[in-house]
Every structure is written in structure tokens, then in C-alpha cells.
Amino acid sequence: MEKRQLGQSSLHVYPITFGGNVFGWTADEAMSFKLLDAFVAAGFNFIDSADVYSRFHPGNQGGESETIIGNWLKARGGRDKVIIATKLGIEMGPGKKGLSRKYMMQAVEDSLRRLQTDYIDLYQSHRDDPETPIEETLSAYADLIKQGKVREIGASNYAAPRLAEALKISTEKNLPRYQSLQPHYSLVERAEFEGPLEDLCLKEKVGVIGYYSIASGFLTGKYRSQADAEGRIRGGRAGKYLNDYGFGVLAALDDVAKRYNAKPVQIAMAWLIARPSVTAPIASATNLDQLAELMKSAEIKLDAAAIQQIDAASKPR
């Protein structure tokens with residue numbers, strides 16, 4: 001596997017990012033440890049989380065994912081062998097949200113404590129905060145970098161104009177620069193990222209680590225009817241792709257997968273990895289078999305004909 005530079009940062013990662021949103025949600029601590037062990041043993045090094053994971057799950061408070069990662073780091077050691085990314089900004093409780101300097105200084109301490117580490121490799125603005133001046137946010141990041149608590153910074157869910165504005169301010173004010181973008185991006189969700197946002201990332205050399213890379217499981221091919229989606233935790237999200245467009249994408253993946261002796265999910269991930277703008281797409285797994293399938297995606301090099309076939313079937317409509 002080739003290591004890829006994340007944007008213009010000091011971080012070099014392998015081409016798949018493990019999505020830590022499942023830790024403390026669909027994967028308990030014991031399974032999470034097994035998944036992380038297997039991921040690192042296979043040679044990968046990039047793990048993405050957020051302070052808010054998994055506050056959305058009934059009974060959770062937020063911070064569960066970071067806590068499990070922290071417990072794993074303490075148990076296994078080797079902190080310098082992995083790149084830990086996390087995010088802040090989405091509400092964690094009354095008054096606990098946004099990208100103001102005051103809140104950021106509190107949020108980073110909470111994340112460091114849960115992660116049981118002295119520093120975060122990639123600290124990301126989980127979503128834009130229009131109520132806080134961009135310069136205030138970037139200045140706060142500058143202080144965190146000077147303090148050694150953060151190495152590099154990234155953005156998530158930013159629209160092209162706001163990301164462009166942030167990059168401009170970074171240059172003009174000599175402030176830290178968003179080195180990565182985390183957009184919603186997969187074969188069945190191309191329209192939001194492709195176009196002005198992707199063009200900006202390519203022009204400004206911003207690394208892309210998209211989320212929902214396998215469309216909540218739809219691109220594995222396990223959801224072929226409404227009956228397949230019923231009763232599954234992510235079935236509702238995957239169910240929205242059960243239409244002519246989604247089935248057309250699956251048909252293309254099935255065809256290419258046969259030629260490569262691979263699984264549809266591996267082809268979907270390989271297509272993302274091959275995109276010039278993409279550094280390391282984010283994907284998660286809840287058991288070791290799923291993870292093994294995902295990791296094999298990094299070994300697949302799609303030829304031009306395969307990419308063209310998949311492009312045609314998944315073109316935004």
C-alpha cells in the first residue's frame with residue numbers, strides 16, 4: 001500500500017480511514033478493540049472519530065467512541081503508529097457547541113481526556129459555525145497547535161464558498177490551514193461534492209476523507225429490496241437508494257466485481273480511492289469479516305474501462 005499525504009500536512013496515511021462512529025454504538029468495546037487491532041495489524045493507520053459519537057444513540061451521552069479509542073490506546077500502546085482524527089462543533093449539551101474560541105478550548109480538553117492522549121493528529125471542525133468569525137476559529141486552532149495539543153486541522157461538511165473563505169483567511173492572516181475536508185461522498189451521493197467543492201480541493205490541495213463511503217451499507221449489495229432493509233439499524237438510510245438509479249449502480253458494481261473477482265463494496269471503495277481528489281475514504285465495520293472485505297479494497301486498481309462503466313452508471317441525475 002502507498003502512503004498518501006493528507007493535503008499539504010505533515011500527516012501521511014494509508015488509503016482507507018476507519019470510521020469510529022460505530023464504537024459504542026453498533027460495536028461494543030470488546031468488538032471495537034478487535035476491529036482496531038485487525039485494522040492496524042493489516043498496516044492501516046488512520047482512525048476517525050468525533051466528540052459527538054454516538055450521542056445520537058438512545059442512552060448515550062456522546063464521547064463513547066473517543067473513550068473506546070482511548071482505552072484501546074492505553075491497552076495497546078503505539079500511539080505514534082496511528083493517526084487519530086476527531087471533530088468538534090456539533091452540540092454535546094446545553095451551551096456545548098460551535099467553533100468559538102471559548103468552547104474549543106473546553107472541547108479539546110474533553111477529547112484529549114477521553115482519548116487518553118496528549119495530542120490530536122487531525123482536529124476537525126465538524127460543521128461550519130456561521131455565528132463565529134472564521135478568523136476566531138483559526139486563531140484558536142493556532143493556539144492549540146502552539147500548545148502541542150493539535151498537529152493539523154481539517155473541516156467537515158463545509159460548502160465551497162465557506163471553505164474557500166477559510167483558506168483565504170489562513171493565507172492572509174498566516175493562520176493554520178484546513179488540510180482536509182470530510183464531505184458526504186459515495187457512488188450514490190456524488191452531486192454534493194463533485195463540482196465546485198471538489199474543484200476547490202484539487203486546486204488548493206486539500207485532502208478529502210469522505211464519509212458514508214458505502215452509503216450506510218447499500219453499496220455492499222446486501223440491500224436489494226425493502227425486505228432486506230427492514231429491521232436493520234442502517235436499513236432506513238440504505239433504503240432510500242432502492243430505486244432504478246441505485247439498482248443501476250449495483251448492477252455496474254456487480255459486473256465489475258465479477259471481472260476483478262471481488263465484492264461490490266470493494267469496487268465501490270476502490271473507485272473512491274482512485275479519485276484524484278480523495279486521500280482516504282472513511283468506512284466502518286461492525287465485525288471482522290466486514291473489515292477484512294473493506295481492507296482488500298486498497299489492493300484493487302481499477303482500469304479505465306471499469307472506472308468509466310461505474311462513472312456512467314452512477315452519474316448524478
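This is a predicted model: local features need pLDDT of at least 70, side-chain atom pairs count only at pLDDT 80 or more; totals for chains, interfaces and linings use all residues.

Biologist: How many bridges join β8 to β7, and how many join β8 to β9?

Modeller: Strand β7 (residues 150-156) pairs with β8 over three bridges in the parallel sense, and Ala155 stands opposite Leu181 in β8. Two bridges link β8 to strand β9 (residues 207-208), again in parallel. Leu181 also stands opposite Val208 in β9. As to covering, β8 (residues 178-182) has five of its five residues buried.

Biologist: Which helices carry the chain between these strands, and what is the handedness of each crossover?

Modeller: Helix α5 (residues 160-173) lies in a right-handed β-α-β unit with β7 and β8. From β8 the chain then crosses through helix α6 (residues 196-204) to β9, and this β-α-β crossover is right-handed.

Biologist: How is the length of helix α2 to be read against what is expected?

Modeller: One compares the reach of the helix with the span expected at 1.5 Å a residue. Helix α2 (residues 64-76) has 13 residues and reaches 18 Å from its first C-alpha to its last, close to the expected 18 Å. Just after α2, Gly77 takes a positive phi of about 75 degrees.

Biologist: Which residues of α2 are buried, and what covers them?

Modeller: The buried residues of α2 are Glu64, Ser65, Glu66, Ile68, Ile69, Gly70, Trp72 and Leu73. Their cover includes α1 (29-41), β4, β5 and α3 (101-115). Of these elements, β4 (residues 46-48) and β5 (residues 83-88) are joined by three bridges and run parallel, with Phe46 opposite Ile83 in β5.

Biologist: Where is Glu152 found, and what is the nearest side chain of opposite charge?

Modeller: Glu152 is found in strand β7. Although buried, Glu152 has no salt bridge; the nearest side chain of opposite charge is that of Arg151, 6.1 Å away. Leaving aside neighbours within four places in sequence, Glu152 is in contact with Ser9, Ser10, Leu11, Asp121, Leu122, Tyr123 and Gln179.

Methods:
Residues are numbered from 1 along each chain as its sequence is written. Side-chain values use heavy atoms; hydrogens and water are left out. Buried means under 20% relative accessible area, exposed over 50%, partly exposed in between (1.4 Å probe, protein chains only). Helices (H or I, at least four residues) and strands (E, at least two) are DSSP runs, numbered from the N terminus. Two strands pair if DSSP finds at least two bridges between them. A crossover is right-handed if, with the strands pointing away from the viewer, the path from the first strand over the helix to the second runs clockwise. The expected span of a helix is 1.5 Å times one less than its number of residues. Contact means heavy atoms within 4.5 Å. Lys and Arg count as positive and Asp and Glu as negative; His and the chain ends are not counted. A salt bridge is a side-chain nitrogen of Lys or Arg within 4 Å of a carboxyl oxygen of Asp or Glu.
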